[in-house]
Amino acid sequence: MEPIQFVKPDIEYAELLPLLLVLGGAVVGVVLEAVLPRGRRRLPQLVLTAAVLVAALVSTVVVGLGLDERAGGAARGLVGAEGSVIVDGPTVYLWGLLLVFALGGVALFAERSLEGGVSAFTGQAAALPGSDSERDASTRGLEHTEVYPLLLFAVGGMLLFPASGDLLTMFVALEVLSLPLYLLCGLARRRRLLSQEAAMKYFLLGAFSSGFFLYGAALVYGYAGSMTFAGINDAVRAGAGDHGLLLAGIALLSVGLLFKVGAVPFQAWTPDVYQGAPTAVTAFMAAGTKVAAFGALLRLFYVGLGAERWSWVPLLWVVAIASMVVGAVLAVVQSDVKRMLAYSSVAHTGFLLVGVLGVQSTGQLGEGQYTSLQGVLFYLTTYGFAMIGAFAIVTLVRDGSGEATSYERWAGLGRTSPLVAGAFAFFLLSMAGIPLTAGFIGKWAVFTSAMSAGAWPVVLVAIGSSIVAITFYVRHIRLMFFTDAAADGSGVVTRSSLVTSATVAVCLAATLVLGVLPGPVLEIVTNTGDFIR
């Protein structure tokens, strides 16, 4: 009997460098937690995290510029890590987007001036809320610097999620991005019971959704005999196996992914988690998780299940319509800013799903129209900047108990702090899709793509939901500028540090530029090409 010969795996380290940098930086961050005294950890962790993200962003640009053409120029990139990681145009674009949003998250994590010299994260997470241990940790100004390596691990999972080449890698990425977020959501310095409740709800529901995803992966593997998207696509085209097994697998996989994007009926966690988590975590999570999860959803449905389009398209029709209607209607009745933005996020999930339903081939489009992939990528760009900027402003509006998220505390804010109120109003107008904002161009891109695919009933519902959404956005603007403050005084806008101000300014500039001069970014999105199939 001949001995079994070991074949060394061929890993494309240069192309995978952004991913390796982030995960390697997270491991180094854990080592720093172990070797440095608690009082000296913050600055090294902050410098390490920022440096790793900047280096990963630079390497992403270099990787993107060096991708080789494939499929006659329709796609660019390579299949790496023995087929487990796909580095193509859409992957690199999503990597760049995630790293930019992660830098914004780091800036908000580093804010200390709003809480009197300490961060927004609790000083002793293991202490019971209201206990002597918690009060002692608060008095001593302690804080958990573990949030920085946790953020890097979450970013690493987000980078791997849309780049996955098979279902098993996608599941691993899902867990790597989710577990740190469960922890981060429960680390708020103020309103700790609410924060812990949010973390527990997110963890329990997330665990269920992960189970659904894994079970769906097993069923699809039973049908196709392969975990890779290319193998699944070949099996679907060949029509082999039990078709019912495939349909059940698609349904279960959809549950796991639709939970992460916060689509109806899997959105129950969204308002509670957005409200209870530290607002810096909410900002990072609202943008980053949506980008990564939609990237993974697009790759699964377009690459692995593209030949089964007519089985999953009706499902997404129903989910998109439900998400837009439920998100817009429930946002109208909210009285808390963070919950309003959460339900707004649910509605935006529906708008993005409208784009997923669009035309995938450029040959089926007219001049000036964009494919569904291009439309969704641009929409994710506009959505992320608006969400991070809006939540960054929420951290500034405060009263004696901390962040003032109740509507009544925002009354008259436009008179006392016109710049802050004006910036928040601009973000809301972009989310509403008002012309000359990034949100308008994003909605136009996804709506026209869906119309080209014949999904006009969904587009009509999307337009109606957008009109409903305008009501609660404009109502909040009216509250800030045209309503008198309460007799006991309005929320006080405290002076922020340079990092939060810079974050708001960058998001504001991006939202304006993407609305007035979207051409350069649309050209980048167009040049990303298609997924490697």
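**Labels and the values behind them**

Tutor: Let us begin with the largest cavity, whose lining residues divide into seven nonpolar, four polar and four charged. The model is a predicted one.

Student: Which residues lie nearest the centre of the largest cavity, and how many line it?

Tutor: The lining has 15 residues, and Leu108, Glu111, Leu114, Ala120 and Thr395 lie nearest the centre. Two or more lining residues come from each of H3 and H11. The space inside is about 140 Å³, and the whole structure has three cavities of 30 Å³ or more.

Student: What is the volume of the largest pocket, and which helix gives the most to its lining?

Tutor: The volume of the largest pocket is about 490 Å³. Helix H3 gives the most to the lining, with six residues. At least two residues each come from helix H2 (42–65), helix H3 (89–109), helix H14 (372–394) and helix H20 (519–527). Of the 20 lining residues, Val92, Tyr93, Gly96, Ile524 and Thr528 lie nearest the centre of the pocket. The lining comprises 12 nonpolar residues, seven polar and one charged.

Student: Now the rings. How many aromatic pairs does the structure hold, and why is the pair of Phe171 and Phe213 called stacked?

Tutor: There are 15 aromatic pairs. For Phe171 and Phe213, the ring centres are 6.4 Å apart and the planes stand at 15 degrees. Rings pair if their centres lie within 6.5 Å, and planes under 30 degrees apart count as stacked; therefore this pair is stacked.

Student: What makes this pair a tie between separate parts of the sequence?

Tutor: Phe171 belongs to helix H6 (residues 167–185) and Phe213 to helix H7 (residues 192–224), so the pair ties together parts that are 42 residues apart in sequence.

Student: Why do Phe171 and Phe213 count as buried?

Tutor: Buried means under 20% relative accessible area. Phe171 has 18% relative accessibility, so Phe171 counts as buried. Phe213, at 0%, is buried as well.

Student: Why is the pair of Tyr182 and Phe203 called edge-to-face?

Tutor: The ring centres of Tyr182 and Phe203 are 5.6 Å apart, and the planes are at 80 degrees. Planes over 60 degrees apart count as edge-to-face, so that name applies to this pair. Tyr182 lies in helix H6 and Phe203 in helix H7, so the pair ties together parts that are 21 residues apart in sequence.

Student: Are Tyr182 and Phe203 buried or partly exposed?

Tutor: Tyr182 has 7% relative accessibility and counts as buried. Phe203 has a relative accessible area of 37% and is partly exposed, because that label covers values between 20% and 50%. Ring pairs also link Tyr182 and Phe203 into a cluster with Tyr202, Phe259, Trp269, Tyr274 and Phe391.

Student: How do you know that Arg309 lies over the face of Trp310?

Tutor: Arg309 is at 5.8 Å from the ring centre of Trp310. The cut-off is within 6 Å of the ring centre, together with a limit of within 35 degrees of the ring normal. Arg309 is placed over the face of Trp310.

Student: Why is Trp317 called partly exposed?

Tutor: Trp317 lies in helix H12 (residues 309–332). Its relative accessibility is 26%, so Trp317 counts as partly exposed. Trp317 touches Leu357, Gly454, Ala455, Pro457 and Val458, leaving aside residues up to four places away in sequence.

How values were computed: Residues are numbered from 1 along each chain as its sequence is written. This is a predicted model: local features need pLDDT of at least 70, side-chain atom pairs count only at pLDDT 80 or more; totals for chains, interfaces and linings use all residues. Side-chain values use heavy atoms; hydrogens and water are left out. Rings of Phe, Tyr and Trp (its six-membered ring) pair if their centres lie within 6.5 Å; planes under 30 degrees apart count as stacked, over 60 as edge-to-face and the rest as tilted. Helices (H or I, at least four residues) and strands (E, at least two) are DSSP runs, numbered from the N terminus. Buried means under 20% relative accessible area, exposed over 50%, partly exposed in between (1.4 Å probe, protein chains only). On a 1 Å grid over the protein atoms alone, a cavity is a set of points where a 1.4 Å probe fits but cannot get out, and a pocket is an open set with protein on both sides within 12 Å along at least five of seven lines; lining residues have an atom within 4 Å of a point. Grid points are joined across faces, edges and corners, and a volume is the space filled by probe spheres set on the points. Ala, Val, Leu, Ile, Met, Phe, Trp, Tyr, Cys and Pro count as nonpolar, Asp, Glu, Lys and Arg as charged, and the others, Gly among them, as polar. Contact means heavy atoms within 4.5 Å.
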